[in-house]
Amino acid sequence: MARFLPAALAALLFAGTAGAQLPAALTDADFHPPASEARVDLGRQLFFDKILSGSFNIACATCHHPFAGTGDGLSLSVGEGARGTGIVRDTGAGINAIRERVPRNAPALFNLGAREFRTLFHDGRVAPDRRAPSGFTSPAGAALPHGLDNMLAVQAMFPVTSGTEMAGQVGENPVADAAARGDLPTVWALLAARLREVGAYVEQFVLAFDDVDSAADITFVHVANAIAAFEAAAWRADNSPFDRFLRGDRVAMSARQQRGMRLFYGRAGCSGCHAGALQTDHSFRAIAMPQVGPGKGDGAFGYEDFGRERVTGMRADRYRFRVPSLRNVALTAPYGHAGAYNSLDAVVRHHLDPVTSLYTFDAAQLVLPSRPDLDERDRYAVDSESTRAAIAAANELAPVMLRESEIEALIAFLHALTDPSMLDLRRDVPISVPSGLSLAD
């Protein structure tokens with residue numbers, strides 16, 4: 001339970017922060033109310049069950065695994081058709097080999113049950129919208145069904161519709177064929193139909209949802225709401241040393257971490273984008289991040305990723321990506337929308353001088369399962385002089401000069417954003433799932 005910091009103590013505690021404006025401590029009111037235990041447990045099993053993939057060979061957890069900080073440890077995920085988990089995942093073999101890497105890094109899922117999150121995905125393509133029939137803007141447009149609890153549930157509707165991520169390729173299965181046609185309602189209907197055939201799942205849906213009385217009532221909206229409930233409950237992380245410091249524990253952080261905090265919220269300027277208690281202002285910024293991987297089909301040769309421009313259609317948004325929360329950031333490498341940087345030290349130094357970092361980027365730090373044809377394409381954009389020049393020109397971050405000791409302090413503060421309860425997430429992994437499919441690859 002959150003503890004409030006009395007005003008007098010706060011004044012004493014934060015004295016000498018060199019002008020830094022620290023955020024208020026998080027409380028239960030900052031998060032959506034928790035769902036029922038039945039719904040959370042159902043979502044947990046669905047999250048790990050490959051029954052939600054077109055070819056029964058990949059789960060949500062494959063790219064967002066508790067053992068990899070709710071990501072996968074890779075610069076770019078390797079989706080449907082590959083084998084293994086985390087950094088040992090391969091690219092598949094023979095006719096089942098992947099066609100391309102997933103174009104963007106798998107983001108961590110910590111604290112997404114917080115009320116302040118107003119957009120999801122690296123480009124913010126999911127957001128609340130009172131004008132939309134469903135209440136949300138999303139890639140599905142008017143096809144997005146009603147009844148989704150929140151943005152986290154909306155996000156859960158889409159990985160299953162991607163051929164690269166979970167659906168599979170044309171001709172492999174009916175889900176993949178529907179996804180390739182852009183027929184998202186059919187994708188969702190086919191997957192819900194599978195669940196209706198699993199008696200243990202039907203029983204759990206009936207327990208978890210008041211509007212489900214029998215198998216016939218189960219829809220993919222229920223699936224997405226359950227998965228969102230699990231993610232919000234399992235990965236709420238608000239008891240880091242920084243949280244305890246904000247709640248009045250003056251020894252929760254070391255002297256070096258407190259120095260880094262003062263820099264972060266003060267002279268280093270980090271909080272200009274990474275604002276608030278969750279270290280994000282939820283804006284979209286262009287910071288000259290190297291572009292690696294297959295891209296999103298943008299640019300003259302199709303290997304670029306125009307980021308937020310893909311959603312807004314505005315040229316000014318090119319190369320802008322959502323400012324991520326930094327909670328548990330020490331657990332979630334690699335960093336950047338394409339996972340370009342494999343250490344906190346490297347990504348912090350990039351922020352301090354983005355353009356120089358872009359032009360001196362070392363692709364050897366990429367964490368990607370190798371395959372010659374994929375490896376070649378991975379570097380198209382980062383090796384292109386014209387693309388690098390365009391990314392550099394869009395940069396919005398001015399260089400910041402810090403001494404080595406200050407950089408070390410800043411990184412120490414970032415480690416103070418780790419909630420100790422997130423260090424061991426074995427509790428979140430079920431031993432089995434109702435479909436009977438293997439959790440191992």
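Tutor: Gladly, and let us begin with E406, which has 3% relative accessibility and so counts as buried, since buried means under 20%. Keep in mind that this is a predicted model.

Student: What makes R403 exposed or buried?

Tutor: The relative accessibility of R403 is 52%. The cut-off for exposed is over 50%, so R403 counts as exposed.

Student: And why is the contact of R403 with E406 called a salt bridge?

Tutor: The closest N and O atoms of R403 and E406 are 3.3 Å apart. A salt bridge needs a side-chain nitrogen of Lys or Arg within 4 Å of a carboxyl oxygen of Asp or Glu, so the pair of R403 and E406 qualifies.

Student: How do you know that R267 and E406 form a salt bridge?

Tutor: Their side chains meet at 2.1 Å, N to O, and the limit is within 4 Å. R267 lies in the loop between α11 (255-264) and β3, while E406 is in helix α18 (residues 404-415), so this pair ties together parts that are 139 residues apart in sequence.

Student: What makes D305 and R104 a salt bridge?

Tutor: The N to O distance between their side chains is 2.7 Å, and the definition asks for within 4 Å. D305 sits in the loop between β3 (284-285) and α12 (309-312), and R104 in the loop between α3 (60-63) and β1 (127-128), so the two tie together parts that are 201 residues apart in sequence. Both D305 and R104 are buried.

Student: How many salt bridges does the structure hold?

Tutor: There are 27 salt bridges in the structure. Shared partners also join D28, R236, D238 and R247 into one network of salt bridges.

Student: Which residues line the largest cavity?

Tutor: Its lining is made up of E80, G81, I95, N96, A97, I98, R99, Q169 and E172. By class, these are three nonpolar, three polar and three charged residues.

Terms used:
Residues are numbered from 1 along each chain as its sequence is written. This is a predicted model: local features need pLDDT of at least 70, side-chain atom pairs count only at pLDDT 80 or more; totals for chains, interfaces and linings use all residues. Side-chain values use heavy atoms; hydrogens and water are left out. Helices (H or I, at least four residues) and strands (E, at least two) are DSSP runs, numbered from the N terminus. Buried means under 20% relative accessible area, exposed over 50%, partly exposed in between (1.4 Å probe, protein chains only). On a 1 Å grid over the protein atoms alone, a cavity is a set of points where a 1.4 Å probe fits but cannot get out, and a pocket is an open set with protein on both sides within 12 Å along at least five of seven lines; lining residues have an atom within 4 Å of a point. Ala, Val, Leu, Ile, Met, Phe, Trp, Tyr, Cys and Pro count as nonpolar, Asp, Glu, Lys and Arg as charged, and the others, Gly among them, as polar.
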